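Me: Could you take a close look at one helix pair in this model and then walk me through some of the salt bridges? Cut-offs included, please.

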Amino acid sequence: MADSESLETVTEHERILQEVESTDTACVGPTLRSVYDDQPNAHRRFMEKLDVRIRNHDREIEKMCNFHHQGFVDAITELLKVRADAKKLMGQVSDTNRRLQDAGREVTAQTQEVIRCRVQQRNMATTVEKLQLCIPVLEMYSKLKEQLESKRYYSALKTMEQLENMYIPRVSQYRFCQIMAETLPKLREEIKDISMSDLKDFLESIRKHSDKIGETAMRQAQQHRTFNSAVQKQVTLSCTKPLYGLNGRTSLHHNGLSPEEDDTDDEVLTAQDLVDFSPVYRCLHIYTVLGDRETFENYYRKQRKKQARLVLQPQSNMHETVEGYRRYFNQIVGFFVVEDHILHATRGLVTRAFTDELWNMALSKIIAVLRTHSSYCTDPDLVLELKNLIVIFADTLQGYGFPVNRLFDLLFEVRDQYNETLLKKWALVFREIFEQDNYSPIPVENEEEYKAVISRFPFHDAEIQKQQFPKKLPMSQSVPQIYAQVKEFIYASLKFSESLHRSWTEIDDMLRKSTNLLLTRTLSSCLQNLIKKPHIGLTELVQIIINTTHLEQACKYLEDFITNITNVSPETVHTTRLYGLSTFKDARHAAEGEIYTKLNQKIDEFIQLADYEWCMLESDGRASGYLMDLINFLRSTFQVFTHLPNNSNDHASMSGKVAQTACMSACKHLATSLMQMLLDSELKQVTMGAVQQFNLDVIQCELFASSEPVPGFQGDTLQLAFIDLRQLLDLFMVWDWSTYLADYGQPTSKYLRVNPSTALALLEKVNRGYVDVCFCRNVFSCIVIYFFHT
């Protein structure tokens with residue numbers, strides 16, 4: 001058993017050694033591991049076996065080396081001999097290899113080129129095959145791009161539809177087709193954006209061109225209206241008698257347009273000639289194709305509403321010039337002309353309800369703006385130009401189907417403003433005429449001057465016509481000037497009534513009402529202010545009275561003048577009458593009152609010069625100097641009334657009445673002033689000498705009154721103004737108290753005009769050395785008590 005195991009171990013070691021000798025070094029590891037996996041002493045026995053094997057191999061190597069050593073030596077010797085030849089051969093081989101490499105490099109390059117060409121040829125064939133499928137898609141896409149560049153967006157949308165439905169599905173595997181398919185929706189949005197941008201440009205364009213569009217439309221409407229007016233005028237001239245000529249002041253061609261605008265070519269321009277509407281058509285079509293028409297309509301209407309509000313917003317200084325109003329109206333007309341064109345050229349983009357809504361909103365704003373800005377106008381010519389522009393504006397929009405009745409109603413308000421500005425202007429004219437007047441009768445040296453005056457003013461007086469030249473007309477230079485200016489005012493008022501589509505009866509009524517305002521308010525106010533001016537003296541006031549009389553008489557000629565213009569009979573039921581009669585009567589009364597006031601003021605000035613010595617013992621024996629100057633002044637003043645023209649009964653009666661009233665007023669005021677001076681509360685003591693001096697002055701006043709300074713008084717009417725003073729002074733001069741007390745309260749009393757309180761007040765001032773004042777006071781007290789009880 002032990003020998004058998006030893007034999008197996010030796011056999012196994014042999015096998016392992018054979019494997020180690022025959023296998024690669026990398027595979028030795030597993031073989032050697034098996035040595036350690038065997039019996040415990042196998043490793044030692046294997047190492048012994050290995051040493052024996054190594055020694056055997058060493059002996060075999062040694063034997064072989066010994067056997068081959070001579071041959072090796074011989075071989076080395078031979079190698080040394082051929083080494084030189086080997087080096088030479090190596091050089092030849094290297095040279096041959098280099099030449100071969102050089103020759104092969106060109107062949108290799110050509111071979112690579114051939115290979116590349118073959119690859120390209122194969123790729124080209126494949127590409128051609130694929131391009132034949134892709135070219136139609138690319139051509140359609142190129143066509144799409146061209147259509148987009150040329151802004152043929154509707155065709156581009158059709159091309160997109162073909163690409164999506166027919167071409168792209170054939171080559172959908174390619175990436176560019178996928179990109180193209182993804183791009184088409186973006187292109188649709190881009191088309192929408194571009195068309196919307198074009199629409200915005202269009203909206204901006206029409207906003208800029210609205211002024212020109214409106215100007216053209218208003219010019220055409222004006223030309224049409226002028227033509228109709230000319231035809232109607234010809235018919236009127238051929239069928240009826242001509243209207244009042246107005247001295248060339250009215251003109252059918254006065255239309256509010258500048259002369260350059262009247263001289264236009266015969267070519268008729270429309271909104272299409274001034275604005276390209278294709279963007280709005282194109283955008284509407286595109287949005288319709290894309291199924292988004294409602295969005296487009298809402299956007300367009302919203303933007304147009306915004307533009308309408310901008311157009312309706314006037315400039316702050318629009319009221320300063322007619323050009324401001326013209327630009328405002330042109331822009332509004334241009335806006336609605338465009339809307340009218342869009343309404344009729346498109347289907348449903350804007351509706352009649354939408355345009356009516358816009359117009360109603362605009363009309364309310366326009367009326368409010370015109371009310372505000374017209375109120376700032378102070379120049380009647382500018383207001384008249386505004387009226388003409390409003391008429392043309394209304395006629396233009398009425399031609400496009402817009403209701404304009406409210407605009408013509410507004411013109412009545414503008415007419416009131418026009419009349420106000422006219423009244424203010426004529427107030428300045430009247431004021432200047434009054435300031436330049438010399439308030440003296442008009443001298444005429446010859447027949448030509450006389451005719452020149454009566455051609456401007458309807459003056460007819462047979463007695464003056466019979467007089468020889470030179471002669472004087474009773475009124476001053478302002479009368480014919482005022483009359484002429486009133487006629488000019490009627491001309492100016494008539495200008496506003498043109499083209500208002502009103503009947504001549506209504507025009508006649510408007511003319512008469514405005515003329516009444518001129519007479520009753522403007523001219524009356526100017527006359528009242530003139531009369532109140534400090535520098536207007538008594539002579540000027542008398543001349544003003546004469547002037548107002550002639551102007552009053554001329555009112556009937558003004559009515560005839562208006563009748564000739566309007567051809568409306570004054571007998572018509574509703575015809576307004578002129579109120580000039582009351583105006584000039586009021587002015588005359590004011591002038592008369594001012595005469596009385598100025599006379600009284602002058603009397604007060606003389607009275608202030610009085611310097612009585614109330615304590616004088618005896619009088620000077622003559623009247624006071626201030627009173628004599630006052631009487632001389634009154635005499636010279638009343639002579640002015642006697643020098644008034646008396647060739648007309650009206651003038652004579654008028655001047656006589658004024659003179660008598662003025663004289664009576666002056667005497668009463670003088671008597672009252674003297675009485676107040678005598679009874680002044682500040683005057684404490686009066687001597688009888690002072691009373692005698694005061695009596696002399698009153699005597700001079702009575703002499704003046706009895707001298708008939710103004711003819712026409714009956715009896716001693718004028719002297720009665722001093723009766724209170726006379727009885728009071730007689731009572732003190734005669735000292736007739738017993739008679740006064742006995743006859744007190746009797747109608748036949750000698751001192752009937754002496755009031756007890758007046759007598760007592762003067763008695764208290766008299767020097768106590770002449771009378772027992774306490775006694776008299778007791779007597780008068782008893783009389784007064786008795787008088788009141790009975």
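**A helix pair and some salt bridges**

Reply: H9 passes H10 in a left-handed crossing, meaning that the near helix is turned anticlockwise from the far one by less than a right angle (clockwise would be right-handed). Before going on: this is a predicted model, where local features need pLDDT of at least 70 and side-chain atom pairs count only at pLDDT 80 or more, while totals for chains, interfaces and linings use all residues. Residues are numbered from 1 along each chain as its sequence is written, and side-chain values use heavy atoms, with hydrogens and water left out.

H9 covers residues 293-311 and H10 residues 322-345; they pack at about 160°, axes 10 Å apart. The axes are lines fitted to C-alpha atoms over the stretch in contact, with angles running from 0 to 180 degrees between N-to-C directions. Helices here are DSSP runs (H or I, at least four residues), numbered from the N terminus.

On the H9 side, the contact (heavy atoms within 4.5 Å) uses Tyr-300, Arg-304, Gln-307, Ala-308 and Val-311. H10 brings Tyr-328, Gln-331, Ile-332, Phe-335, Val-338, Glu-339 and Ile-342. By class, that contact has eight nonpolar, two polar and two charged residues. Nonpolar covers Ala, Val, Leu, Ile, Met, Phe, Trp, Tyr, Cys and Pro, charged means Asp, Glu, Lys and Arg, and the others, Gly among them, are polar.

Now the salt bridges: the structure holds 25, each one a side-chain nitrogen of Lys or Arg within 4 Å of a carboxyl oxygen of Asp or Glu. In H17 (residues 504-532), Asp-508 and Arg-512 sit four residues apart, so about one helical turn separates them. Their side chains meet at 2.8 Å, N to O, and both residues are buried (under 20% relative accessible area; exposed is over 50%, partly exposed in between, with a 1.4 Å probe and protein chains only).

H24 (residues 723-734) has Arg-726 and Asp-730, again four residues apart, with their closest N and O atoms 2.9 Å apart. Arg-726 is buried at 14%, whereas Asp-730 is partly exposed at 25%.

In H3 (residues 42-149), Arg-98 and Asp-102 are also four residues apart, and their closest N and O atoms lie 3.9 Å apart. Arg-98 is partly exposed at 46%, as is Asp-102 at 39%.

Terms used:
Helix = DSSP H or I, 4+ residues; strand = E, 2+ residues; numbered from the N terminus.
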